[in-house]
Amino acid sequence: MIAKISHGSSLYGVLAYNQLKVDERHADVLFTSRIIEPQGDTPYTIGHLSRSFGDYLTANRKTEKPVLHISLNPDPKDCLSEERFVSLAEEYMRRMGFGDQPYIVYRHNDIGREHLHIVSVRVDETGRAISDSYEHGRSMKVCRELERQFGLVPATPKQWKEGLPLSPVGYGDGNLKGQLAGVIRPLAREWRFRTLGEYRAILSLYGITVDEVKGEYGGREYHGLTYSATDREGNKVGKPFKSSVFGKEAGVAALERRMHNAAAWEKTHKEVAATAGKVAAAMQTAGHDRAQFERELMRQGIGVVFRQNEAGRIYGATFIDHAAKAVFNGSRLGKEFSAGVFNDLFAGQEGIHLPQPSAEVEHPTRQQEQHKDGTTQNVAAAFNLFTPVPGGASGDQPVPPRKRKKKRKYGRQQ
């Protein structure tokens, strides 16, 4: 398990970021601790949550970055139940010295697997700042202890050094080329895919698309690739970058070798059948409920990208197995997983689907079709999204007594 910790100066940004994920159904409120509960069925709001933290922040105005934002990222092979996720978050916060702080835990599913985001403050109720000395080292130690306690797949030294997970690209966050490189290089080097369309599908989860460029110049033919960032609707933003900017591994020749090797790998490994079995089980459990189907897959570390035309017809389905680091076109898993089957199964439904890529390279005539997708961008931006809280953090209403209460499954429709 990898933990990423960030400190900020404003509460509003991190709450707004997580609330956006909830609104888009890419997250839900898993539980809360020492947070003022809404009355009745009233949902959590940014203003309401700000009141729970407000007194802590006003008790100490000298601490420069009192807001705490943590993401806990189990290995994609770890399939945790809701109860185990709750226990994992509680134990991590307790061992890091934040067990008595107010905090809210969100469960996210926006990058192909479930992980947690925790929002809290580094100032206790007396106004004393909680020390962040040796925080990174302490966090690594706690994660290793929790891996053993919960039977999780241990994070390797390389994973800790690289700082998993990969973060979706944010066009407005600066150094676009560097952001793209940070995603493209590991995906091109480590993932298995057999078509450019499948490669494009995994890139789409991180706000990136890739296009072939062919032509003739000076009497010589050329064949290359360009990479572009995309917005939340999957439209290209900013200038495209030649593949050579990201090294040979991101170019045509290297990708063609990976596609060839992936075909050979599928013949000798059981991952294809295993992925097909998980998809079949999710279909049986969910029936005609597309949102539940996608949630069932997510719990098993599998993302799905559905491609739809303007009329809402599903004409493509691609499955992304994060544990195996492999991408499979639905029809290659079996005819029972083809786009037509899912179109009939989920006719007229809008799921909580992951970002959809541009049309498959095998269907160039569909590239002009409008894609309906639920792309959410920039997990990384959450750790820098600190904007002022309008009207102050604590509000102007009396604060009722705090109590510890778990609030589960808020924000998801079952």
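View 1. Because seven of the seven residues of strand β5 (residues 115-121) are buried, the strand is largely enclosed by the rest of the structure. Strands (E, at least two residues) and helices (H or I, at least four residues) are DSSP runs, numbered from the N terminus. This is a predicted model, in which local features need pLDDT of at least 70 and side-chain atom pairs count only at pLDDT 80 or more, whereas totals for chains, interfaces and linings use all residues. Residues are numbered from 1 along each chain as its sequence is written, and side-chain values use heavy atoms, with hydrogens and water left out.

**View 2. The partners of strand β5.** Two strands are said to pair if DSSP finds at least two bridges between them. Strand β3 (residues 67-73) pairs with β5 in the antiparallel sense over six bridges, and within this pairing histidine 69 has valine 119 of β5 as its bridge partner. Strand β4 (residues 103-108) also runs antiparallel to β5, to which it is joined by five bridges, and here tyrosine 106 has histidine 117 as its bridge partner. Strands of a sheet pair through backbone hydrogen bonds, either parallel or antiparallel.

**View 3. Asparagine 73 in strand β3.** Asparagine 73 has its place in strand β3 and counts as buried because its relative accessibility is 5%. The side chain of asparagine 73 makes a polar contact with the side chain of serine 71 at 3.1 Å; a polar contact is a pair of N or O atoms within 3.5 Å, of which, within protein, one must be able to donate a hydrogen and the other to accept it, and residues adjacent in sequence count only if both atoms are side-chain atoms. How far apart in space are asparagine 73 and histidine 115, C-alpha to C-alpha? These two residues are 42 residues apart in sequence, and the distance between their C-alpha atoms is 5.1 Å.

**View 4. The largest nonpolar core.** A nonpolar core is a set of buried Ala, Val, Leu, Ile, Met, Phe, Trp, Tyr and Cys residues joined through side-chain atoms within 4.5 Å. The largest one here has 32 residues, and those with the most contacts inside it are Leu180, Ile184, Tyr199, Ile202 and Tyr227. Two or more residues each are given to this core by α6 (176-190), α7 (196-204), β6 (208-217), β7 (220-230), β8 (236-242) and α8 (252-268), and the largest share, seven residues, comes from α6. Tyrosine 199 touches Ile184, Ala188, Phe193, Val210, Tyr227 and Leu255, if residues up to four places away in sequence are not counted, and such a contact means heavy atoms within 4.5 Å.

View 5. A search of the whole structure finds 12 aromatic pairs, where rings of Phe, Tyr and Trp (its six-membered ring) pair if their centres lie within 6.5 Å, and planes under 30 degrees apart count as stacked, over 60 as edge-to-face and the rest as tilted. The rings of tyrosine 227 and phenylalanine 246 have centres 5.6 Å apart and planes at 90°, so this pair is edge-to-face. The pair links distant parts of the chain, since tyrosine 227 lies in strand β7 and phenylalanine 246, 19 residues apart from it, in the loop between β8 and α8. Tyrosine 227 counts as buried at 0% relative accessibility, and phenylalanine 246 counts as buried at 1%. Phe193, Tyr199, Tyr227, Phe241 and Phe246 form one aromatic cluster.

**View 6. The open sheet β9-β10-β11.** This open sheet has three strands in the order β9-β10-β11, with antiparallel pairing, and its edge strands, β9 (302-308) and β11 (326-329), each pair on one side only. Seven bridges join β9 to strand β10 (residues 314-321), and isoleucine 302 stands opposite aspartate 321 in β10. Helix α10 (residues 290-299) packs on the sheet, touching β9 and β10, and its direction makes about 145° with that of β9; the axes behind this angle are lines fitted to C-alpha atoms, for helices over the stretch in contact, and angles run from 0 to 180 degrees between N-to-C directions.

Notes
Buried < 20%, exposed > 50% of the residue type's maximum accessible area, 1.4 Å probe, protein only.
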